Protein chains: 2
Amino acid sequence: MELITYPDRKEWAQLLKRPYVDNRAVLESVQSILNAVKQHGDEAVRSLTKKFEGFEPGQLELSSEEIKKAVLEVPEELKRAILHAKENIETFHRGQLSEVKKIETVEGISCWRKEVAIDTVGLYIPGGTAPLFSTVLMLAVPATLAGCMEIILCTPSGKDGQVHPAILFAASVTGVTRIFRTGGAQAIAAMAFGTDSIPKVDKIFGPGNQYVTAAKQLVQMQGVAIDMPAGPSEVCVLADSTADPSFVAADLLSQAEHGSDSQVLLVSNDEALIAKVKTEIEAQLEALPRKELAQKSLGNSKAILVNEHDAIDLVNAYAPEHLIISCSNADAIGERITNAGSVFIGHYSPESAGDYASGTNHTLPTNGFARAYSGVSVDSFVKKITFQKLSKEGLGRIAQTVIIMAEAEGLRAHAHAVQVRMKDEGNI
Amino acid sequence: MELITYPDRKEWAQLLKRPYVDNRAVLESVQSILNAVKQHGDEAVRSLTKKFEGFEPGQLELSSEEIKKAVLEVPEELKRAILHAKENIETFHRGQLSEVKKIETVEGISCWRKEVAIDTVGLYIPGGTAPLFSTVLMLAVPATLAGCMEIILCTPSGKDGQVHPAILFAASVTGVTRIFRTGGAQAIAAMAFGTDSIPKVDKIFGPGNQYVTAAKQLVQMQGVAIDMPAGPSEVCVLADSTADPSFVAADLLSQAEHGSDSQVLLVSNDEALIAKVKTEIEAQLEALPRKELAQKSLGNSKAILVNEHDAIDLVNAYAPEHLIISCSNADAIGERITNAGSVFIGHYSPESAGDYASGTNHTLPTNGFARAYSGVSVDSFVKKITFQKLSKEGLGRIAQTVIIMAEAEGLRAHAHAVQVRMKDEGNI
């Protein structure tokens, strides 16, 4: 961890910049995968899955027997943990559903918005080093609460064709309707365009490597909605002298172990605390199985010493995915946070709590996208359709306004659509 | 208008397909505009504005004197109409702000979401044949209600460097903070990357031609948020025998006059009504100044005769931007609409009402995007940040769950971030 002391505000932008990744080559090779799937459907998905995942699936879809059998392998303790997390995620996300509220903007003019579930959604769950069954909960729970009719899931299998049993358990308890064993850009392409086996979806969710990310970007250009742009995961810990260095070190490491490109930032007004955290990190690192990944990402990370006032502005300028506030006045600081994906307040609110089981969602905007994007919620699985109903009298009350504005915009027929309805009303 | 009678469900997808527009050439030329603005800033914006708009702006930003002077030219009647529309739009959109609701998912674990305004937003208002001051209201009113700090507006000037006074009036009464005279892809590039004169924004809103649309798509790939993907405007009118053919004809024409690529669809279970609407269209067309545009778009449009049950499914399959339900049971049909941008219920609810003054937003998903996207609302101008605060006891209640899940995902440090906080609690 590089220590930066009292940086000038003019240096902040440079200091907080995420590493630039040139993905043009990736976009090009992914475009050819998309084209192949668009043209050749299942056949392309099968051969690309063989090429990239080392297994050629006969049936892309998992049968219910397969799922049931796999689920039996999940240890009872893990099942209970997943169900506990699911319950809390449901409790929090249920509060995001909103009632229809009719508003009479003018007497005789009633307007309202209604949340309607997106019909068909596709969830992508990566394979690789960690079986992210927690992400299944984070996506499928709000999709089910929203009322999506079809919730499909694509995930790569191992070389033996097996999908991790815990992923299947999480999917089977959260309302996922169909599961397909394919991953990477070909899975995104299949969900975007549809194949004989895999239905075309209206919106695609979920994390992935650079190929998956590029595929999501490209299909979005072609009109398929996606959850949000992606980038490496990040945490910023804002800590004062009241913070426990061992807690802070553990939080930084829990982010660093995600991958060598993870972003970790410590912001503090206490130089002694920063030093103690560094010592703690060295000690805790030794016990980690993913030590090398963590070490590499810590190598690119920074500790910034600033005064308290600057600290909050600095954090908002960085717009971290996760922000942990380990300060005595954490509540008051929390009130002043304007750019972050998810905020953890106080010494007993580690990011891990929100990653798994407190109830909040862990699919969050990275890479500074928190300036404009929100994390996944029930909102992500609905459209809000506006409705309006006017009585003849209601229309009469805005008729002149519409006619004058339409004429001034040069849109005669817009004015006429009102006039024709008011023609027996005189002075229109 | 082509008449299609009782089409088979298997033909629907083909029938409802929007025309495919190959924009690869546009994307390429827009990419070079983006590159120029990224590299050369204001200088590039000025020279591109001269090239495409026929006026080289000295100052890109309009001065407050210029704005005040121009506003004096707006007729009082039009000012009153704009203020009336603004009031109704405010009334409807104010209802979209939501309160913070803390949820205790588990005793000792409090989670909530807070809406925080996006700091800096950029509104694009096209020039061209119609001065869209109504769109200024539709974007700036919710931006102001959300609490955005900086609301900038880019719009092309005429060859004389003047921006339409009504656009400036609408901007000045709705909280727009700065106005720049430049349009097209160079305006989008300037807002996406920032120049010496034009600030970099976090999110870009507003309609535009194919160059503007392509620029928005490309900057989105680079992480700048945009309101939604764009396509030609569309209306679908669902009408039964109780509909007044002159009303329906006027509604179809008010969409058709937008441009030759506008999409117009009439769906009815009454063949006689369709015939009467056609006759009415011919009659009303004569009086329109934009007759040629309207005629051209009507040439590509369809009237579909179906039975009542199929009608609703057909409309949902089409996912129109605007849907007018001119039927005796319009309310009941409205309840069954699942894909549409904005729905107009009953014989006295023309699209024009929502385009200008009923209070709903007119920036809506076209091109079938209503299957997954919502129209612009206050939501579009905020992020929803999640917060959580756990007591030590609260964390203790989910500790085992987090630890078991983290271990099963192979993320040791995630488990440790909980364990280190519970180390004096025994069996963790």
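This is a predicted model: local features need pLDDT of at least 70, side-chain atom pairs count only at pLDDT 80 or more; totals for chains, interfaces and linings use all residues.

Trainee: How many salt bridges does the rule find across the interface of chain B and chain A?

Mentor: The rule finds 10 of them. Polar contacts between chain B and chain A are counted too, and these come to 66 residue pairs, both residues at pLDDT 80 or more. By class, the side of chain B that touches chain A has 58 nonpolar, 36 polar and 24 charged residues.

Trainee: How is the size of an interface given?

Mentor: Often as the accessible area lost when the parts come together. Here the area buried between chain B and chain A is about 10,100 Å², and carbon and sulfur atoms give 60% of that area. In chain B, the residues that lose the most area to chain A are Tyr348(B), Glu409(B) and Arg421(B), together 8% of what that side buries. The contact takes 118 residues from chain B and 118 residues from chain A.

Trainee: Which strand of chain B does strand β13 of chain A pair with, and in which sense?

Mentor: Strand β13 (residues 342–345) of chain A pairs with strand β14 (residues 382–390) of chain B, in the parallel sense and over 4 bridges. Within that pairing, Ser342(A) stands opposite Thr386(B).

Trainee: What is the strand order in the open sheet of chain B?

Mentor: The order is β6-β5-β4-β7-β8, with parallel pairing. The edge strands, β6 (178–181) and β8 (225–226) of chain B, each pair on one side only.

Notes
Residues are numbered from 1 along each chain as its sequence is written. Chains are lettered from A and ligands numbered from 1 in the order in which they are written. Side-chain values use heavy atoms; hydrogens and water are left out. Two strands pair if DSSP finds at least two bridges between them. Helices (H or I, at least four residues) and strands (E, at least two) are DSSP runs, numbered from the N terminus. Contact means heavy atoms within 4.5 Å. Buried area is the accessible area (1.4 Å probe) that two parts lose on being put together, summed over both. A salt bridge is a side-chain nitrogen of Lys or Arg within 4 Å of a carboxyl oxygen of Asp or Glu. A polar contact is a pair of N or O atoms within 3.5 Å; within protein, one must be able to donate a hydrogen and the other to accept it, and residues adjacent in sequence count only if both atoms are side-chain atoms. Ala, Val, Leu, Ile, Met, Phe, Trp, Tyr, Cys and Pro count as nonpolar, Asp, Glu, Lys and Arg as charged, and the others, Gly among them, as polar.
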